[in-house]
Amino acid sequence: MLLLLLPLIAPSQNPPAPQPPLPWNPPAAGPPCKDCPNIIFSLTDDQDIELGGWKPMKQTQALLQAHGAELVEWRIHTPICSPSRSETVSGRYFHNIKSQAAVPPPKLMPAASGHINASLYEGSTFGVLLRKLKGYQTAIFGKANFNTYEGFDRWFQGAFLGYGGRWEDNESPSFHYKGKPTDYATALLGNKSIEWLERANVTGDQNDGRPFFLYFAPHCPHTPATPAKWYADECKGVGAPRTPAYNYTNDGFHELVAKQPPLSAADAILIDDLARLRCQCLMSVDDAHAGLVEAVKKAGKWDNTYWVVSSHHGYNLGSHRIPTNKFLLYDHALRIPMIVKGPGIP
């Protein structure tokens, strides 16, 4: 059962009024591709395979994985947030889009420092190309990245996890949305995505035959991995797996391993606490996927929609007391979920 804190918004019968121009306004839409499939692309933040990151996704497994394919050896190229997302939206490896400056100039860096020169792929992100070449109706809900906005009709952007938060919203008069204390981020993004899908100009009789592309990008389960209040008692007994790599040191390894101090008993408690919070947090992503499936079926688009469910990289073990192991080329950071479901996929 879908359990979102926020009530679903009634679907709009007409597209919203035009907003003043922004630097991120999408290019003119090309002629609609009448036989192109719809696409939903879900990209989480720091969800792994190696250390249990896929286990909470029960609804996703039943509704999407069971009807599609799991790429069991899928690995990300660069396990760092901004480069990884930039690679994803541009279809390019890091060495083809990296900045030669130590920190990219602000014009190229609307979010965080990521050593990316986004001008190298300006005008060629997946949102731009789908809209310009195939006439897709495009929307993004969640964590954007360099030059991501430019291809989307609708964007509701923010890298936030928890309650409240601030978001960039192209349908707000101020282009910003201030979250209410009851707004849980993942549920908010799920509801915004569902509301957009239910619009008459997206899946209804006013869409002019345009297929849709929805980019759903929750910040979960990134630290601090704040779960929804209704899942506070879930995932009891979940802790970090004690794999052979746990608390492993070796003087012959590179410096980050050779000089890493052993984890203490107090560290182990924090590590297990974080594993439980990640599990609870991901249950809301799972709910959002279930809600999206229901909306697509209700719109009669189930048989003509491709789903991609993945993450930009794996596990981020880090806090004020535990050093991060993000950025490292090991399976916990590189191996990520990759589920593909759609027409013709066994």
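Setting aside neighbours within four places in sequence, Trp-196 is in contact (heavy atoms within 4.5 Å) with Gln-137, Thr-138, Ala-139, Phe-141, Arg-154, Val-202, Phe-212, Phe-213 and Leu-214. This is a predicted model, so to speak a computed picture: local features need pLDDT of at least 70 and side-chain atom pairs count only at pLDDT 80 or more, while totals for chains, interfaces and linings use all residues. Residues are numbered from 1 along each chain as its sequence is written, and side-chain values use heavy atoms, with hydrogens and water left out.

Of its 40 residues, Ile-40, Trp-196, Leu-197, Leu-214, Leu-292 and Trp-307 touch the most other members. At least two residues each come from β3, α4, β7, α6 (265–298) and β8 (305–311), with helices (H or I, at least four residues) and strands (E, at least two) being DSSP runs numbered from the N terminus. Helix α6 gives the largest share, 10 residues. Apart from this core lies another, of 24 residues, among them Phe-126, Ala-144, Trp-155 and Val-340.

As for helix α4 (residues 185–197), 13 of its 13 residues are buried.

Helix α3 (residues 126–134) has Phe-126, Gly-127, Val-128, Leu-130 and Arg-131 buried. These pack against β1 (38–44), α2 (81–90), β3 (137–142) and β7 (212–217). Just after α3, Gly-135 takes a positive phi of about 70°.

Key. Buried < 20%, exposed > 50% of the residue type's maximum accessible area, 1.4 Å probe, protein only. Core = buried A, V, L, I, M, F, W, Y, C linked by side-chain atoms within 4.5 Å.
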